[in-house]
Every structure is written in structure tokens, then in C-alpha cells.
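Here is a short report on one structure. Look at the sequence and the model first, then read on.

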Amino acid sequence: MTAGRGLRPYLSFFRIRFLCGMQYRTAALAGIATQFAWGAMNLLAYRAFYAADPSAFPMTLEQISCYVWFNQAFLTLFMLWFLDADIFAAIRDGGVAYELIRPLDLYRIWFVKNLATRAAKVTLRCLPILVVACVLPKPYGLTLPVSAAAFLLFLVTMLLALVLVVAFCMLIYITTFYTMNPLGVRIVATSMCEFLCGAIVPIPFMPDGLRRVIELTPFAAMQNLPFRIYSGDIAGTELVQGIVLQLFWIAALILLGRLMMRHALRRVVVQGG
Amino acid sequence: MIELNRICKTFRVAQRSAGMREAAKALFRRTYSEIHALQDVSFCIGDGEMVGYIGPNGAGKSSTIKVMSGILTPDSGSCVIDGCVPWRDRQAHAANIGVVFGQRSQLWWDVPVIDSFELIRDIYRVDEGLYRQSLDELTELLDLSSILRTPTRQLSLGQRMRCEIAASLIHRPRILFLDEPTIGLDAVSKLAVRDFIRRINRERGTTVILTTHDMQDIEALTERIILIGRGRILLDGTLDALKARHSTLRQITVAFTAGTPSPADRPLPAGFSLISASEDRVTVAIDTEIVSVSDAIEGLTRGVDVRDLSVAGQSTDELVVSLYEEFRI
Amino acid sequence: MKLYLRYFSIHFKSQMQYKTSFFLTLLGQFLTAFSTFLGIWVMFTRFRAVDGFTYTEVSLCYAVVLMAFSLAETFFRGFDTFPRMIGNGEFDRILVRPRSPIFQVLAAKIEFSRLGRLLQAVLVFAWAIPRSGVDWNAANLATLVGMILSGTFVFAGLFLLYAGICFYTLEGLEVMNIFTDGGREFGRYPLSVYGEGVLRFLTYIVPLALFLYYPFLALLGRSESLLHRICPAFALLFLLPCYLFWRIGLRHYQSTGS
């Protein structure tokens, strides 16, 4: 009961954000078309590489197809450069002081805000892409998951990956308290992290040394994990390791974020905003 | 010469309603409603006139300005300004008009004002000699010399508005549209802006069309006002005529030395009604249809040791409120 | 032209007011382009060639499309912020001025920080040109320059088309990114990689292949056809329908207002 009441303000935030996101109908339609085209073009390129040398291809065509379609369908859920301009503005012009007045936990508000924006965007966009991807001919379409267990784990790790991505974004917001110019941090996050989390080229394609390093970072626990669990590319001990690592990074990033936030807010209050 | 004849314009707007289910529904079908922004709008403004164009929000003021400046093509009706049809000869027409949108800036935010002016000079192809002359004139009239080298973002609102107006006049337009030019300004800046507008109108003979919610602007600047409501012209006439028509009541307040005879000691004749009386101050309302203001003053002050006296009519603000009420807009 | 230079200098002054942001954005543009290049590198650590094109050849192709795009983006991307211009009434201001709206929109935004991509393109060129095995005679050099210039204008045409659509939707239509940002991203591989159908579409409908693919074949010596070499000139015809669409859109805007 208390838990329900305590959560209500956050749910309310979620709802408002979600509705705002739903307003943009044409944008959503256009987004679906764009993402479909990008997925198709990507896939065609992978096909050409496969044709050039099948033995050098680290996944099956079915697996890369699933990966590419999921990547497009859930783009707005996982993309790291999708940051909330309002939050940056609030930090820079001191509007954050108003948010501090409310009897709510700022870290949690921002967290929920981000979850909601991403969820709203993805709700509108993912289904059409997934449906079309399902009816595409083999091996370019979306196949069924390798097993019911894999599907279940896919859903669980998706959710965890979303939490991880938002926890990571929170760090970007919070560093803005210190640098006051959000651009620098943002830029590194938007360019290199995309590469590291496998949004440009899936992690299995990377050269071995680089791949082993990336697999230990939080980036490998984002979209890489669920997408590859679905198609059976990650299974067995590798899967268990992956989930353990994912949980570890979620805990670590949230802890780090909260500590940094507390420190940053103390500074803001001392400086008088 | 500006002539508008039976201008009509209808917009279609999508309707949105609240709630989760409605949002989902709107994804697939939207309902539209028609808004008649302008209906049979006709008026005629002569060269060198200064006209106040008033009406509540959404009445059609900015649509009319848009039609007259060539941004909007009406559904029907004609508009001829100095021989040009604004939306057909837009670029030629643009050289003859200046537009100040009170809420939007045409100055570049991060560079000194003078850079924006020079850009505008090049946009309007003003030759150097004329530009110098215009600039000197505007600098002097609007007192810009100290702020020309300051970036726009560091200007106060009043300073910025003065620069905005100057920017719209560099090319010496024959017609000036002012859309809420004094919005948000402090009293000193308002006076400066009004004074300047009056001078430009008198000295250059620029035709000025002014939309505003500030009735003091209207009172200070314009002889003639046009009232629009729900897309229709409701009234077109001089401010005085309107006032006369709408109000025959005046309030006269007499302050006098306490302890001496009061104007309220005598019974008040017809046409007078007592509003308030204290030991040194009496306020009386008179109906000017029954008694003239001068007779009333004479009657009230006879044998009274007057220290101060004031006559107040209905303020323009009250006038407009009563107009809006009359036309239910 | 004088007026354009005036805009140019005023943009430059404005952007130099925020030097830190400017250089960070420049860096960002560079890094984003770099991560795409990393993607190419990763693929070629596993594969020796794709559709018969080697790493250096693909790099050359990427440099061409990146340079054309970044030039277009620097000088023609006023159209990119066009939905905002319509939304906040800035476009109305443009309409009350005695100059061509296209020119004013174009001059309303000159993004020097986009040159970060150009820098990336220059570096990739510097790396790929000597290694590509192309005989850099006058004809080939002219072809390369023609490809880049033609590409710049094709992208500019796409931006114009995007703005034309905004007149109807009043918001940006992300779908156009398929051809603008998409053109940049997918142009990194010679377009035949994507198969016959895509190549045909990109030849006849949205003529990316006319400046990117056919003259590229001529450059690598895989085609002797003069027609392939002068393809970039034909690509410019694409500007015509884009311009017409803009005109129609403008008329629509003037009849509906905002």
C-alpha cells in the first residue's frame, strides 16, 4: 500500500511523458520507415560480406538478421545518444532548483522520465518493424526464438539492458553538474559508445583482442546480450556470465550515479544554484 | 494606400483531446474543425495614417497582418497596397513594408546589433549613403549610439525593442506593421517607443498599423481604431467618437480645505450623483447629456476653497472591455 | 554573393562566441564519422574484399560520400532546421523580405562545426588516394572532383525536398534521413553491394549512384564508358524536381499559414 502510494508520482511522470511521446504520429510513421530501410540496407551489406567469404562470418545469416532487426526495432530503447534536452537545460540554467523543491527523489524522477520517453517511442515503433521482419523470407527475416527459455531470458535481459542504458545516461547528465558544458561528455558518449555497444557492427565481428575487452564492459551488457540470446548466439555458461555481468554493472552504475548526484546536489545547494 | 475588400480565410485545425485512449485513437483518425479566421474583412487606410488594430487573442489580427504583408493568401477577397497585391508580388511588396513582430527577434543573438543592421542593409539593397543617413537618424531618435556595438543577447528588453524597430526601418518602408511593439516593456521604454512611432509617422509620413493589447498605446498613438472579433470587423472609427458613443459619464473629484464649506452641502441638481464624500474630498458622477462638464465644475466649486480638482472619463481599457462585452467576443 | 558573404561572416562571428562548444561539436562530428570508419575497419579485419572491392577502394568511396555530404551539410543545411523556422515564425520574417526565400533559408544556417566530418574525409582521402592503385591523371582527378561537387548538390537537393515536405507536415520528416544520413552511411560501400534493385533505385529515383557508383567504376578502371565518367553531371538534373516541389510547398504554406 505504502509502496503503491510512494510510486504514484513517478507513475504519473511516466504517464505524462508517455502521452507526450505518443503525440507525434507522423514522426513515428516516418521513423518506422526509416528504421526499416536502415535495417534492410545493413542486412544487404552483411549479405554481400557473407557472399564474399562465408567462413569468416562469425554468425549465421539468421542470427545477424535477428540482430539487425532488433537493433532497428528497439533503437529508441537502447540508443545512448538519446538524451533529454530538458534535463540538460535544467542543470545549466539552475531550473534544477525547482525540481529539488518537490518532495521526490531527483535521481528517480529523471530515471523514470528517461524510461518513459524511451518506452513511448519504442511502443509506437517496434511492432510494425517486427511484424514486417517476421514475414520476410528466410534467412533475412526474424526467426522464432531458439527456445522458450531463450525467449524468456531475452525479455528479462532486454528489461535489464534498458535499465542499464538509462543508468549510464544518468551518469552523463550528472557529469554536466561538474562541467556545465554537456557537449564534451555527450560527444564521447554518442560517438564512441555506440560503436562499443555493437550498434554499428555487432560485437562478434570485432577483432579478438578488442572483443574480449569490450565483453567485460557495461557496453556488452546492453543490446548485445538480449539480441544474441534470442537467436541462440549466446547460450550456456556464456549466457550466465553475461547476465551476472549485466546485474553487476546495473548495480555499479546506479550506485555510482547516486553517489555522484548526492555530491553534485550538495555543491549546487552550497553554491545557491 | 491600403485597400482590403471582403477578405475571407478559413483554416482547418486538428482537434486533440486528453487521455490515453484518445491519444491512441488520434493515431489513426483525426477530427478537424474549421476556423473562420477572417470573414468579409474590408477597410481602407490612407497614406500617412496611423491605425490601431485591436481585438482579443485569436480574433484575426495576425491573420490580417499576414495577409497585408504577403505571407498569407486569403481564400477570397482582394487586397491592394500601393498598387501591389501582397501575396502575388510578395518580394516587390516586401521592399515597401517594415514589420515588427513584438515577440520575435530579427536581430542576431550573438553578434553586435550593428552587424545585424548591416546584414539587413544588404538584404534590402539599401545603398550606402541612404543607409548612413537612415542609421544616423534612427540612432539619434532611438538613442542607440551606446548600444550599437553590444551583442543582442546582452541588451535589455527595452533596448532590444528599440533596435528591432530601427531594424525594420532601415530601408525606409512606406508602411510599418507593428505587432505588439510595447509588450513587456517598462514605462520609460514604452514612452520612448511611442514617441518614436509618432515622430516617424509625422516626419516621414510612414503609414503605421499597430496591433496591441496595451490601450495606452492606442490612446497615445492612434486617432483611428479598427476592432476585430471572431474574424469580423466590428467597428471602425476614431477613438473619440467611440468614447463619446460609449460613455456619457464623467467623474469629478473636488478636494478642498477641511472645515470649509463642502460642495456636498448643497443638494445636487439633476444629472449629478454623489459617489463619495469625506471632510476634505467629494466625488460626483455627472451625465454629460444633461449637464456639461464646465457647468458642472462651476456649480460644484462655487464658494468652495478648492485645493485640487480632477475630471475622469471612462478609461480606454474600460472602453474596450465594454466593447468586447457589447459584441460578445 | 556579397550578401552571402555577409551572412557567412555573421555566422562565423556568432559561432566564435562559443569557442568551446564549437570545437567540441567539431570533435563530435569527427568522432561520429570516425566510428563509421571504425566499422569499415572492423569488417575488413575479417574480410579481404566485398563484392570485389578492397579495403582501400571502399575507403575511397567512403571519403567521397563523406566529403560531399559534409560540404552540403555545412552550406545547405539551413533546410535542416527548417521545421523550427516554420514553427517559431522565423520563416514569416523571411517572407516579408525582398529576397528569394531559398537563398535566405540557405543562408540562415551555416554550420562550420560540420567541417569536422570534412576533416575526417580529408584524412581518409589522404590515406586512401595513394594506396588505391588509381592512376591519378587529369581525367581521374577531374572525375573525383566532379563526384564530390555533384554529390554536394544532390544532397542539397534532398535537403530542399525535405524542407518542401515541411510545408505540409510542419514538422521534420525523419523519413528523408534514409536518403541524406542514410546516403552518407550506406554510401561507404560501393552501392552495387546492396544488390541490383537498390542500385537501380539509387540510379533512377534518388540519384546517389550517379555521383557515387558509376564514376567510381571509371575511376578504378573497371569501366571504360565515358557515360559513367560524366554521370555526375546528370545527377544535377535531380535539383529540378526538388525545386519544383519546394515551390508548390511554398504556395501551400502561403494558403494555409502556420
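## A salt bridge between chains

B:Asp122 and C:Lys2 join their side chains in a salt bridge, 3.6 Å from N to O. The term covers a side-chain nitrogen of Lys or Arg within 4 Å of a carboxyl oxygen of Asp or Glu. The rule finds five salt bridges across the interface of chain C and chain B.

This is a predicted model, in which local features need pLDDT of at least 70, side-chain atom pairs count only at pLDDT 80 or more, and totals for chains, interfaces and linings use all residues. Residues are numbered from 1 along each chain as written, chains are lettered from A and ligands numbered from 1 in written order, and side-chain values use heavy atoms, without hydrogens and water.

## The interface of chains C and B

Here 29 residues of chain C are in contact with 32 residues of chain B. Contact means heavy atoms within 4.5 Å. The two chains bury about 3000 Å² between them, 50% of it on carbon and sulfur atoms. Buried area is the accessible area (1.4 Å probe) that two parts lose on being put together, summed over both. C:Arg93, C:Pro98 and C:Gln254 supply 22% of the area that chain C buries against chain B, more than any other three residues.

## Aromatic rings

Over all chains, the whole structure holds 58 aromatic pairs. In one of them, the ring centres of A:Phe49 and C:Phe44 are 5.8 Å apart and the planes lie at 75°, so the pair is edge-to-face. Rings of Phe, Tyr and Trp (its six-membered ring) pair if their centres lie within 6.5 Å; planes under 30 degrees apart are stacked, over 60 edge-to-face, and the rest tilted. This pair crosses between chains, from helix H2 (residues 25-52) of chain A to helix H2 (residues 19-46) of chain C. Helices are DSSP runs (H or I, at least four residues), numbered from the N terminus.

Buried means under 20% relative accessible area, exposed over 50%, partly exposed in between (1.4 Å probe, protein chains only). Both rings belong to one aromatic cluster, whose members include A:Tyr46 and C:Trp127.

## A buried lysine

B:Lys190 is found in helix H7 (residues 187-204) of chain B. B:Lys190 is buried, with a relative accessible area of 19%. Not counting residues up to four places away in sequence, B:Lys190 touches B:Thr182, B:Leu185 and B:Asp214.

Definitions and conventions: Helix = DSSP H or I, 4+ residues; strand = E, 2+ residues; numbered from the N terminus.
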